Amino acid sequence: MRTLVALLFAVSLLTTPWSAYAATMSVSPASASVRAGDIVTVRLTANTQGVAINQGEGALRFPTDMLSVISVSKSGSIFTLWVEEPGYSNTAGTVRFDGGVPNPGYTGSAGTIVSISFQAKKAGTAALALTDTALRANDGMGTDVLTASNGGTITIAEV
């Protein structure tokens, strides 16, 4: 009996459509060029690759010597419920978010989570890194379907 159960489990692993669980979170645009003193806005986006999601969370890290957050906006967000309102710390160099959407969830390829406006401080290349991220399926189990978090860069030129 154990052999049959093990065989059925192995077959289910091999036939489960794992490719359906391949959502990504990204900084958009992936790269931008500005001058010191300019304001640049990036969006954090979700590509669910066909899977309905109902929750997303994470942090965007940025170099505080090169960028300063002016504002974080949830206007136009795929999320309408917020466990934690989007917020930021220019001291820590983080933008944090934790939101959700009711049933049937969100399915799409470029859904805005939040928009972040930065002011460029000095010349150089500022890396934007997504950390502690998750996109959870609207499956009643909170399955994290995130397979990649794609950061970005902002290249800042002298004035």
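Guide: Let's begin with a term: a salt bridge is a side-chain nitrogen of Lys or Arg within 4 Å of a carboxyl oxygen of Asp or Glu. D132 and R61 meet in one through their side chains, at 4.0 Å from N to O.

Visitor: Before we go on, what kind of model is this?

Guide: It is a predicted model, where local features need pLDDT of at least 70, side-chain atom pairs count only at pLDDT 80 or more, and totals for chains, interfaces and linings use all residues. Residues are numbered from 1 along each chain as its sequence is written, and side-chain values use heavy atoms, with hydrogens and water left out.

Visitor: Thanks! Where do D132 and R61 lie?

Guide: D132 is in strand β9 and R61 in strand β4, so their pair ties together parts 71 residues apart in sequence. Strands (E, at least two residues) are DSSP runs numbered from the N terminus, as are helices (H or I, at least four).

Visitor: Is D132 buried or exposed?

Guide: Exposed, with a relative accessible area of 54%. R61 is partly exposed at 31%. The cut-offs are under 20% relative accessible area for buried and over 50% for exposed, with partly exposed in between (1.4 Å probe, protein chains only).

Visitor: How many salt bridges are there in the whole structure?

Guide: Four. One of them joins the side chains of E57 and R136, at 3.2 Å from N to O. E57 sits in strand β4 and R136 in strand β9 (residues 124-137), 79 residues apart. E57 is partly exposed at 23%, and R136 is partly exposed at 24%.

Visitor: What about K122 and D65?

Guide: Their side chains also form a salt bridge, at 3.3 Å from N to O. K122 is in the loop between β8 and β9, while D65 is in the loop between β4 and β5, 57 residues away in the chain.

Visitor: New topic: how many aromatic pairs are there?

Guide: Two. Rings of Phe, Tyr and Trp (its six-membered ring) pair if their centres lie within 6.5 Å; planes under 30 degrees apart are stacked, over 60 edge-to-face, and the rest tilted. F62 and F118 are an edge-to-face pair, 5.2 Å centre to centre with 65° between the planes.

Visitor: Where are F62 and F118?

Guide: F62 lies in the loop between β4 (53-61) and β5 (67-73), and F118 in strand β8 (residues 111-120), so the pair ties together parts 56 residues apart in sequence. F62 is buried at 6%, and F118 is buried at 0%.

Visitor: And why is the pair of F79 and W82 edge-to-face?

Guide: Because their planes are at 85°, with the ring centres 6.0 Å apart. F79 is buried at 3%, and W82 is buried at 16%.
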